[in-house]
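Here is my note on this model, written as numbered points. Keep the structure open beside the text and look up each residue as it comes.

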Amino acid sequence: MNRFINQTKTFSAPAKLNLFLHIVGRRSDGYHELETLFQFLDHCDTLSFTVTASEKIQLLTPIAGVNDDDNLIVKAARLLQEKIRQDQHSPILGVNISIDKILPMGGGLGGGSSNAATVLLALNTLWQANYSITELAHLGLTLGADVPIFIHGHAAFAQGVGEKFTPASPEEAWYLVSKPNVSISTQSVFTSGDLPRNTEKLEKPDHLVNIMNDEFFHNDCQTMVIKHYSEVAKLLAWLIEYAPSRMTGTGACVFSRFTSQEQACEVQAKLPNGITSFVAKGLNKSPLITQIASL
Ligand SMILES: C[C@](O)(CO)[C@H](O)COP(=O)(O)OP(=O)(O)OC[C@H]1O[C@@H](n2ccc(N)nc2=O)[C@H](O)[C@@H]1O
Ligand SMILES: Nc1ncnc2c1ncn2[C@@H]1O[C@H](COP(=O)(O)OP(=O)(O)OP(=O)(O)O)[C@@H](O)[C@H]1O
């Protein structure tokens with residue numbers, strides 16, 4: 001008998017930053033080979049799970065603009081349930097999931113991927129499926145290139161399409177994360193003819209110091225995005241006057257780095273109208289990992 005049936009458990013799905021993002025090649029399937037430094041933020045969606053004895057997977061709080069069938073929360077739960085059906089002889093359980101969504105969508109913060117990772121890690125325990133982190137990361141990669149880092153749960157220098165990790169411990173600075181009023185699709189950035197794709201490999205992550213020094217570390221998507229989206233160009237030009245600032249992922253969010261929360265909040269208060277923002281601390285350990293371990 002599963003001890004979690006009819007119980008409700010709550011877990012975080014943190015945002016991530018790509019502190020830098022170098023494109024070092026392109027694979028024959030079109031996917032880009034990256035070298036990136038991932039760190040988490042203490043700014044999270046919150047997901048609650050109630051395990052049920054029926055096989056039904058239900059999202060009780062649909063996300064506006066995302067069909068349930070396309071929602072990475074539902075897709076991750078179905079994927080894990082299907083794997084259990086194939087691999088195991090135990091009874092198939094269901095779940096009711098609800099989410100308090102605060103992460104901006106399509107901003108380069110990996111919110112959808114983080115939601116998927118939280119579902120895989122939470123249900124692996126709550127359904128008592130007992131897959132390893134490696135197996136879950138492998139499963140998660142089929143949902144999105146950013147899912148494995150959230151399952152891994154530690155800040156890391158990542159290679160491949162972002163799924164080969166070397167744990168790293170960048171300074172846990174304070175960040176002002178700002179989102180210009182524009183939506184940028186990841187696919188449109190990666191298919192752009194303007195994108196540089198031949199940054200020299202760092203190979204070894206043992207000299208990741210002074211990562212905001214643009215001479216050595218940058219986001220290869222940023223120049224192309226600035227060229228096509230004046231909102232991002234204007235915002236970055238404004239922020240750079242106050243603090244080292246860079247785009248995360250394929251945008252449109254940009255992060256500015258500060259040594260204290262107060263400094264970050266001071267600049268946030270001056271942001272131009274129309275820019276949504278939040279202040280958060282960088283975390284090298286995802287809060288999700290601690291929550292899963294305490295079950
Ligand atoms: C930009 C990053 O956020 C950096 O962390 C990720 O690489 C993107 O991860 P993601 O949003 O989970 O992306 P996916 O959903 O896997 O892919 C979206 C699209 O982006 C392109 N894509 C994605 C990742 C990658 N390394 N190379 C690519 O070319 C592919 O065309 C793909 O169809
Ligand atoms: N649970 C979910 N939360 C957010 N977006 C979702 C979810 N499920 C599916 N999506 C779809 O995924 C798209 C990208 O959302 P997400 O918030 O992950 O973007 P992102 O932060 O730019 O990700 P990345 O950094 O991986 O490019 C959304 O526009 C939405 O259509």
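1. A definition comes first: two residues are in contact if their C-beta atoms, placed from the backbone, lie within 7 Å. Take glycine 111 as the example. Leaving out residues up to four places away in sequence, glycine 111 touches Ala15, Asp45, Leu103 and Met105. Bear in mind throughout that this is a predicted model.

2. Start with the overall layout. The protein is divided into domain 1 (8-168 + 284-293) and domain 2 (174-281). Between the C-alpha centres of domain 1 and domain 2 there are 23 Å. Their contact involves 25 residues from domain 1 and 31 residues from domain 2.

3. Which strands each supply at least two residues of the side of domain 1 that touches domain 2? They are β1 (8-26) and β2 (32-52). β1 gives the most to this side, with 10 residues. Sorted by class, the side of domain 1 that touches domain 2 holds 12 nonpolar, 10 polar and 3 charged residues.

4. Now ligand 1. Around ligand 1 there are 19 residues, and His32, Gly144, Ala145, Phe190 and Gly249 come nearest. At least two residues of this shell come from each of β1, β2 and α5 (186-190). The shell around ligand 1 splits into 6 nonpolar, 12 polar and 1 charged residues. Where does ligand 1 lie relative to the domains? Domain 1 and domain 2 both give residues to its shell, so ligand 1 lies between them.

5. Ligand 2 is next. It is surrounded by 20 residues, the closest being Leu72, Gly111, Gly112, Asn115 and Gly249. The elements that give two or more residues to this shell are α1 (72-87) and α2 (111-126). α2 gives the most, with 4 residues. By class, the shell around ligand 2 has 6 nonpolar, 12 polar and 2 charged residues. Why is ligand 2 said to lie between the domains? Because domain 1 and domain 2 both give residues to the shell around ligand 2.

6. Look along helix α1. It has 16 residues. From its first C-alpha to its last, α1 reaches 22 Å, close to the 22 Å expected at 1.5 Å a residue. Its buried residues are Leu72, Ile73, Val74, Lys75, Ala76, Ala77, Leu80 and Ile84.

7. Check the record against the model. For "binding site", an unreviewed UniProt entry lists Pro104, Met105, Gly106, Gly107, Gly108, Leu109, Gly110, Gly111, Gly112, Ser113 and Ser114.

8. Methionine 105 sits in the loop between β4 and α2, while glycine 111 is in helix α2. Is glycine 111 buried or exposed? Glycine 111 is buried, because 25 other C-beta atoms lie within 10 Å, and the cut-off for buried is 20 or more. Methionine 105 has 13 C-beta neighbours inside 10 Å, so it counts as partly exposed. Not counting residues up to four places away in sequence, methionine 105 touches Gly111 and Gly112.

Key: Residues are numbered from 1 along each chain as its sequence is written. Chains are lettered from A and ligands numbered from 1 in the order in which they are written. This is a predicted model: local features need pLDDT of at least 70, side-chain atom pairs count only at pLDDT 80 or more; totals for chains, interfaces and linings use all residues. A residue is near a molecule or strand if its C-beta atom, placed from the backbone, lies within 6 Å of it. Ala, Val, Leu, Ile, Met, Phe, Trp, Tyr, Cys and Pro count as nonpolar, Asp, Glu, Lys and Arg as charged, and the others, Gly among them, as polar. Domain bounds come from an automatic or database domain assignment. The expected span of a helix is 1.5 Å times one less than its number of residues. A residue is buried if 20 or more other C-beta atoms lie within 10 Å of its own, exposed if 12 or fewer, and partly exposed in between; C-beta atoms are placed from the backbone. UniProt positions are given in the numbering used here, feature names are shortened, and annotations may be inferred rather than shown by experiment.
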